[in-house]
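Good morning, everyone. Please look at the structure on the screen, and I will walk you through it.

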Amino acid sequence: MTIDLLKRFLLFIVFVLAQALVFGRIHLFHYATPLLYVYFVTMFPRNYPKWAVLTWGFVMGLLVDIFYNTPGVASASLTLIAAVQPYFFSLFVSRDAVESLEPSLLNLGPIKYSYYIVTLVMLYSLLFYTLEMFSFVNFMEWGMCVLGSGMITLLLIFTFEIARSRA
Amino acid sequence: MKNLLEFLQRFHHWILFVLFEALSFVLLFHYNHYQGSVWFSTANAFVGGIYELNASVESFFTQAQNNERLTTRNFYMERQLSQLRRLYQEATKQPVPKEVEELEKLSQYQLIPAKVVTSELHKQNNLMTINRGRADGVEPGMGVACGQGVVGVTFLCSDHYTVVIPVLNGSSSRISCTIRDRGYFGVLRWYGQESGYAYVEDIPRHARFKRGDWVETNGYSSIFPAGVLVGQIAQVYNSRDGLSYKLKVRLSTDFGTLRDVVVISDKSIAERMRLMQAAKDSLKLNVHE
């Protein structure tokens with residue numbers, strides 16, 4: 001338990017720093033910014049305490065907000081993802097699966113995992129940009145940001161997942 | 001009571017969820033009016049420290065290029081200065097008194113050099129953080145400029161870091177400026193998209209100027225002294241209501257490579273601000289800033 005906590009804590013720091021110093025500064029074609037820290041929240045295993053997922057998500061969001069001066073935007077949307085994640089993940093596993101099954105490409109298989117991760121990441125991207133712009137005046141820009149950032153985030157996540165499943 | 005406890009036990013994560021969301025939205029909506037928000041922004045010492053470390057690594061790799069640019073700029077200035085001095089002498093035949101006056105005017109401003117630790121270009125409302133704060137004499141509402149021209153206005157200060165609203169902030173940046181040598185006033189605004197261009201609005205219809213004219217601050221805003229470079233007129237449009245001109249200005253400051261800036265601290269500004277505040281209070285008008 002402690003080792004798991006420690007591992008998660010290190011991973012947490014890595015994700016926050018990677019977002020703050022590298023990914024948050026990428027703006028591919030003006031629209032696509034990797035929001036890779038969502039990946040952290042999608043990685044919680046089955047039966048992980050729900051309050052803990054929520055707390056991890058909220059604190060992660062808050063830190064990203066602090067680093068990018070977007071108060072409340074990432075924390076509000078990431079908290080929602082963290083609230084949904086346990087319930088959503090349970091839809092993809094059978095009742096007799098391993099107690100602490102982790103959502104990963106290897107454990108779920110490509111099709112189920114794609115459904116799982118695409119839904120969560122796109123939902124996050126949608127929430128994030130809706131809160132950030134807080135208007136639909138620039139409808140095109142909003143749409144492009146949601147799609148572009150969602151796609152580049154997914155691309156990165158799949159790269160990591162494939163690397164993990166080969167290792 | 002037992003029921004209540006049971007209820008709490010079953011739904012405690014939903015309660016936590018609601019709590020976190022509420023907190024997030026409080027932050028989201030109160031940021032601009034919430035002075036304590038220094039903690040939740042890049043003015044926060046810890047976050048600023050991490051960014052400063054990162055910026056110093058980055059600036060190490062861009063040093064050579066910067067140096068080169070500064071040297072050429074310096075050379076150009078030097079030449080211009082000597083030319084102007086010569087012209088001035090020819091024109092007035094009495095070089096000393098006015099020059100001294102100009103210098104004295106400048107020395108009333110205290111310049112606080114600072115380094116940019118983080119900045120954004122691609123959002124609608126970009127912000128920037130610099131590594132000087134209250135302890136160095138920076139206060140909210142001071143002008144920030146660099147060797148190339150105007151940068152922005154300070155917004156939130158902690159002891160050692162300050163968040164700046166740069167020109168590239170669509171909703172909050174309004175800097176009043178004028179067309180050099182022609183004297184018409186306008187307001188500098190930015191609408192997102194291109195980080196190299198901004199717009200000057202409210203130039204009167206009877207104004208005469210041409211493309212390529214320089215735009216500079218007019219010194220009325222009580223934040224910048226007169227004559228800080230803004231940019232060059234690239235295109236002229238009619239405003240939507242047709243009552244004024246709207247100029248597209250190529251900004252002289254390159255926000256993409258900005259590293260060294262100065263905060264302009266005018267000792268008389270504080271006094272002027274206090275006077276303005278007193279006037280506003282006495283009028284009980286809700287003039288937005």
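In chain B, strand β1 (residues 109-119) and strand β12 (residues 260-266) pair in the antiparallel sense, over 7 bridges. Strands here are DSSP runs of E, at least two residues long, and helices are runs of H or I, at least four; both are numbered from the N terminus. Two strands pair if DSSP finds at least two bridges between them. Within that pair, Gln110(B) stands opposite Ser265(B) in β12(B).

A word on the source. This is a predicted model, where local features need pLDDT of at least 70, side-chain atom pairs count only at pLDDT 80 or more, and totals for chains, interfaces and linings use all residues. Residues are numbered from 1 along each chain as its sequence is written, and chains are lettered from A and ligands numbered from 1 in the order in which they are written.

Back to chain B. What order do the strands of the closed barrel follow? The 6 strands run β1-β2-β5-β4-β3-β12, with antiparallel pairing.

Now chain A. It has 7 helices and 0 strands. Of its 167 residues, 41% are buried, meaning that 20 or more other C-beta atoms, placed from the backbone, lie within 10 Å of the residue's own.

Where do the chains meet? On chain A, 20 residues are in contact with 22 residues of chain B. Contact means C-beta atoms, placed from the backbone, within 7 Å. Helices α3 (50-68), α4 (73-90) and α6 (110-133) of chain A each give two or more residues to this side. The largest share, 7 residues, comes from α3(A).

Note on methods
Buried ≥ 20, exposed ≤ 12 C-beta atoms within 10 Å, placed from the backbone. Contact = placed C-beta atoms within 7 Å.
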